[in-house]
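Open the model in your viewer and keep the selection tool ready. Each stop tells you what to pick and what is there.

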Amino acid sequence: MTHTIALTTPAIWNPARVDAANTGERTLDQFLKSVERRALRMAELATGNRDEALDLVQDAMFGFARHYAAKPAADWAPLFYRVLDSRLNDWHRRRSVRSRWLAVWTRNDDDDEPDEIAQAPDTNDPGPLLRLAGSEAAHALDAALGNLPLRQRQAFLLRVWEGFDVAATASTMRCSEGSVKTHLSRALAALRRALEDHA
């Protein structure tokens with residue numbers, strides 16, 4: 001008995017379709033490169049750790065490309081930051097659970113020895129912006145942004161750094177426009193107070 005393998009080819013090979021696919025990939029690559037540094041900075045401010053931030057941004061980029069690459073390019077920025085926002089919120093939840101578990105696990109009332117982990121120096125890299133700027137004002141701004149609550153920091157970075165309007169920011173953060181305005185107002189007030197010596 002002879003088996004034959006039927007080779008199927010597309011009925012019509014369309015070079016224009018191939019060119020459109022290549023153009024779409026290039027456009028997506030360009031978009032991801034354009035948001036990479038700002039996304040990394042946002043993630044660094046949220047996590048305080050460059051390695052964690054890199055992992056989160058990479059995961060957000062993969063998730064965005066997998067789920068939203070077919071959307072119109074004009075919609076990409078809010079969609080990408082929504083994905084990144086979800087990854088950051090998940091990271092904070094995991095960290096909170098892990099911290100509670102470690103606090104219970106490491107608690108030992110009979111042990112009077114100092115906790116070596118708690119006394120270890122913080123070796124977090126300050127990030128590219130601080131290394132380049134190196135000024136006292138840049139350090140103060142970074143510290144002030146790092147001290148903002150997560151939602152205030154997100155509202156500030158999306159509205160001020162990314163230039164999103166209120167509606168796009170609300171969509172990205174999955175909250176009302178009024179909440180965005182409140183978070184931004186509180187963030188700006190806190191930053192003004194923290195940076196008044198550098199004005």
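Select Phe-31. At 11% relative accessibility, Phe-31 is buried (under 20% relative accessible area; exposed is over 50%, partly exposed in between; 1.4 Å probe, protein chains only). This is a predicted model: local features need pLDDT of at least 70, side-chain atom pairs count only at pLDDT 80 or more, and totals for chains, interfaces and linings use all residues. Residues are numbered from 1 along each chain as its sequence is written, and side-chain values use heavy atoms, leaving out hydrogens and water.

Next, pick out the aromatic pairs. Rings of Phe, Tyr and Trp (its six-membered ring) pair if their centres lie within 6.5 Å; planes under 30 degrees apart are stacked, over 60 edge-to-face, the rest tilted. That rule gives eight aromatic pairs. Phe-31 sits in helix H1 (residues 15-47) and Phe-80 in helix H3 (residues 76-106), 49 residues apart. Helices here are DSSP runs (H or I, at least four residues), numbered from the N terminus. Phe-80 is buried, at 0% relative accessibility.

Now select Tyr-81 and Phe-164. Their ring centres are 5.6 Å apart with planes at 75 degrees, so they also pair edge-to-face. Tyr-81 belongs to helix H3, while Phe-164 is in the loop between helix H7 (150-161) and helix H8 (166-173), 83 residues apart. Tyr-81 is buried at 2% relative accessibility, and Phe-164 is buried at 8%.

Which residues do ring pairs link into a cluster? Show Phe-31, Phe-64, Tyr-68, Trp-76, Phe-80, Tyr-81 and Phe-164 together.

Move to helix H2, residues 50-68. Its buried residues include Leu-56, Ala-60 and Phe-64. Zoom in on Asn-49, which caps the N-terminal end of H2: a side-chain oxygen lies 2.9 Å from the backbone nitrogen of Asp-51.

Last, colour by pLDDT, the predictor's confidence in each residue, from 0 to 100. The chain averages 77, and 67% of the residues score at least 70. Select residues 1-20: pLDDT stays under 50, with one contact (heavy atoms within 4.5 Å) beyond four places in sequence. Then select residues 129-134: pLDDT is below 50 there too, and the stretch has 10 contacts beyond near neighbours in sequence. Where pLDDT is low, the predicted coordinates should not be read in detail.

Methods
Helix = DSSP H or I, 4+ residues; strand = E, 2+ residues; numbered from the N terminus. Expected span 1.5 Å × (residues − 1). Polar contact = N/O pair within 3.5 Å; in protein donor to acceptor, adjacent residues only side chain to side chain.
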